[in-house]
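Here is a short briefing on one structure. Keep the sequence and the coordinates at hand while reading.

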Amino acid sequence: MPFNYDLDFDSIDFREEPDKYRVGRGEQGVLLVEPYKSEILQHWRFKTPEIARESSEKIYAMFEEYKKNDDFVGMDMARKFLQMGYTRSRRYANYKGGKKYDKDGDLNDRDIDEEKAESARIFEEKWIKAREDEEYLEKKRAHQKEYG
């Protein structure tokens with residue numbers, strides 16, 4: 001089932017009402033679902049490889065803590081932030097200022113920034129570890145079966 005953008009995200013606590021959460025595709029809803037957004041976003045950084053390493057390790061530790069607490073929504077949100085760390089740092093690695101298109105809508109030339117590319121590799125490692133975690137996959141299947 002697709003992510004439901006029609007919900008009143010300002011009034012829903014998804015920890016209290018996990019039945020309203022839909023996994024969606026990729027990073028859908030990563031900046032909407034509370035209280036997870038506020039818990040995780042403050043740790044999400046990728047400017048340098050050192051910062052990316054610290055950030056990805058903290059977010060992965062949160063993934064593990066959510067798993068320990070049997071909190072699938074938290075696990076999925078941590079996975080989404082790890083994925084977003086990869087995709088955003090990869091975009092900044094490929095395009096100066098993270099701008100893929102110019103003001104006319106034309107594709108900018110790639111200009112690889114190796115430091116940002118390393119940040120992307122760091123996040124990618126944790127993202128893959130989270131998305132392939134057997135317990136996460138079991139909880140994801142169960143959540144989707146029960147709630148869509």
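Asp 76 is buried, at a relative accessible area of 0%. Buried means under 20% relative accessible area, exposed over 50%, and partly exposed in between (1.4 Å probe, protein chains only). This is a predicted model: local features need pLDDT of at least 70, side-chain atom pairs count only at pLDDT 80 or more, and totals for chains, interfaces and linings use all residues. Residues are numbered from 1 along each chain as its sequence is written, and side-chain values use heavy atoms, with hydrogens and water left out.

**Salt bridges**

- The whole structure holds 13 salt bridges (a side-chain nitrogen of Lys or Arg within 4 Å of a carboxyl oxygen of Asp or Glu).
- Asp 76 meets Arg 79 in a salt bridge, 2.9 Å from N to O. Arg 79 is buried, as is Asp 76.
- Asp 76 also forms a salt bridge with Lys 80, with the closest N and O atoms 3.9 Å apart. Lys 80 counts as buried, at 0% relative accessibility.
- Lys 80 and Asp 76 are 4 residues apart in helix H3, so about one helical turn separates them.
- Lys 37 pairs with Glu 34 in a salt bridge at 3.8 Å between the closest N and O atoms. Lys 37 is partly exposed, at 23% relative accessibility.
- A network of salt bridges links Arg 15, Glu 39 and Asp 71.

**Helix H3**

- H3 covers residues 72-94. Helices are DSSP runs (H or I, at least four residues), numbered from the N terminus.
- From first C-alpha to last, H3 reaches 33 Å, close to the 33 Å expected at 1.5 Å a residue (1.5 Å times one less than its number of residues).
- Of its 23 residues, 17 are buried, so H3 is largely enclosed by the rest of the structure.

**Aromatic rings**

- There are 13 aromatic pairs. Rings of Phe, Tyr and Trp (its six-membered ring) pair if their centres lie within 6.5 Å; planes under 30 degrees apart count as stacked, over 60 as edge-to-face and the rest as tilted.
- Phe 3 and Tyr 21 have ring centres 6.4 Å apart and planes at 80°, so the pair is edge-to-face. Both residues are buried.
- Tyr 60 and Phe 63 have ring centres 5.4 Å apart and planes at 25°, so this pair is stacked. Both lie in helix H2 (residues 49-68).
- One aromatic cluster is formed by Phe 3, Tyr 5, Phe 9, Phe 14 and Tyr 21.

**Charges over rings**

- Lys 126 lies over the face of Tyr 60, 5.5 Å from the ring centre. The criterion is NZ of Lys or CZ of Arg within 6 Å of the ring centre and within 35 degrees of the ring normal.
- The charged end of Arg 131 sits over the ring of Trp 127, 4.5 Å from its centre.

Terms used. Helix = DSSP H or I, 4+ residues; strand = E, 2+ residues; numbered from the N terminus.
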